[in-house]
Amino acid sequence: MKRHRMLDGMAIVVLIAYSWLAWSVQSQEAPIDPIYAGIRERGVLRVAVDPGYRPFVEERDGMLVGFDIDLARALAAELGLEVVFVRSGFDALYDQLTSQQADLIASALPYAPEQGYRARFSQPYFDGGLMLVTRADSAIGSLSDLRERRLGVILGSEADALARRFALSTPVTIYEADEEAMLIVALRSGAVDALILDHVAALGALSTGDLRIAAALSYEPYVLAMPASAFQLELAINRALQQLDERGLLSALRQQWMGAP
């Protein structure tokens, strides 16, 4: 009987200890993201960009312009921040995060999960993948419809590689050109039946209304990147992206910088 009372007493002590531990954990303040805390203290969002990829980022008369420049400014405004751009080569963009020179990358950056050890990523805001482009009155709806037809691609591009793989199993004539403009003229004149272009070029080709995107052939999401520890910044950026998208800003930027219909 005495042993039972001793065990009951120990059980009460253990329960009290667990209750105290649970209360102490719940009563603690939420963990702090030091990157986001620093941004809020400065009132400035530092954005790393590579000025070498139109129409996302380029330099005109010493000024940075482009889709990503406008997007970064809109995101900063949504968060109540100023924005400062940090110029960088594309290969050094992630280094700007790890060296604490920048808080965010906005530079037509493809999603790269292998960089997850030093960065975290926003939700995608653009698909840079390959598109099948045809004349608006064409019945072509997929690559399989191109059997015994003519397909235009940029020489040496990812589209060229895709077309060559496709040609291994399907008889198709591949027309190669050095410039997108030459391909678009060939499509409009009937010299080729379809083109494979990246999404940016495809949207630009659609601006006159006589061409259309028949199918998406690959998916390459463009994202914003931030330091791996910046979990609160990630939440804030994704929330702001969603709000801007709902207000039509992303489609307006596609129209402005890519001529998307």
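Student: How many aromatic pairs does a search of the whole structure find?

Tutor: In this predicted model, the search finds eight aromatic pairs.

Student: What makes the pair of Phe56 and Phe126 edge-to-face?

Tutor: The ring centres of Phe56 and Phe126 lie 5.4 Å apart, and the limit for a pair is 6.5 Å. Their planes stand at 70°, and an angle over 60 degrees counts as edge-to-face. The pair is therefore edge-to-face.

Student: Which parts of the chain does this pair tie together?

Tutor: Phe56 belongs to the loop between strand 2 (52-53) and strand 3 (57-60), whereas Phe126 belongs to strand 8 (residues 126-127), so the pair ties together parts that are 70 residues apart in sequence. Phe56 and Phe126 are buried.

Student: Why is the pair of Phe126 and Tyr222 called tilted?

Tutor: The centres of these two rings are 5.7 Å apart and the planes meet at 45°. Stacked requires under 30 degrees and edge-to-face over 60, so the pair of Phe126 and Tyr222 is tilted. This pair also links distant parts of the chain, with Phe126 in strand 8 and Tyr222 in strand 14 (residues 221-227), 96 residues apart. Phe126 and Tyr222 are both buried.

Student: Which residues do ring pairs link into a cluster?

Tutor: The cluster consists of Tyr53, Phe56, Phe67, Tyr125, Phe126 and Tyr222.

Student: Which members of the largest nonpolar core touch the most other members?

Tutor: They are Phe56, Leu71, Tyr125 and Leu233, in a core of 41 residues. Helix 3 (residues 67-78) supplies the largest share of this core, seven residues. Leaving aside neighbours within four places in sequence, Leu71 is in contact with Tyr125, Leu241, Leu244, Leu250 and Leu253. In soluble globular proteins, nonpolar side chains tend to be buried together.

Student: How do you know that the span of helix 3 is close to the expected value?

Tutor: Helix 3 has 12 residues, and the expectation at 1.5 Å a residue is 16 Å. From its first C-alpha to its last, helix 3 reaches 16 Å. Its buried residues include Phe67, Leu71 and Leu75, and also Asp68. Just after helix 3, Gly80 takes a positive phi of about 75°.

Student: Why does Ile105 count as buried?

Tutor: Its relative accessibility is 0%, and the cut-off for buried is under 20%; Ile105 therefore counts as buried. Ile105 lies in strand 6 (residues 104-110). Not counting residues up to four places away in sequence, Ile105 touches Ala48, Leu93, Tyr94, Leu97, Val223, Leu224 and Ala225. Ile105 and Ala225 are 120 residues apart in sequence, and 5.0 Å apart in space, C-alpha to C-alpha.

Student: Are Asp61 and Ala108 buried or exposed?

Tutor: Asp61 has a relative accessible area of 81%, and over 50% is exposed, so Asp61 is exposed. Ala108 has 5%, which falls under the 20% limit; Ala108 is therefore buried. Asp61 lies in the loop between strand 3 and strand 4 (63-65), and Ala108 is found in strand 6.

Student: What is the phi of Asp61, and of Ala108?

Tutor: Phi of Asp61 is near 50°, a positive value, and Ala108 has a positive phi of about 45° although it is not a glycine. Most residues other than glycine have a negative phi, and most peptide bonds are trans.

Student: Which residues does a cis peptide bond join?

Tutor: The bond joins Arg54 and Pro55, with omega about 0°. Pro55 is placed in the loop between strand 2 and strand 3.

Conventions
Residues numbered from 1 in each chain as written. Predicted model: local features only at pLDDT ≥ 70, side-chain atom pairs only at ≥ 80, totals over all residues. Heavy atoms only, no water. Phe/Tyr/Trp six-rings, centres within 6.5 Å; stacked < 30°, edge-to-face > 60°. Helix = DSSP H or I, 4+ residues; strand = E, 2+ residues; numbered from the N terminus. Buried < 20%, exposed > 50% of the residue type's maximum accessible area, 1.4 Å probe, protein only. Core = buried A, V, L, I, M, F, W, Y, C linked by side-chain atoms within 4.5 Å. Contact = heavy atoms within 4.5 Å. Expected span 1.5 Å × (residues − 1).
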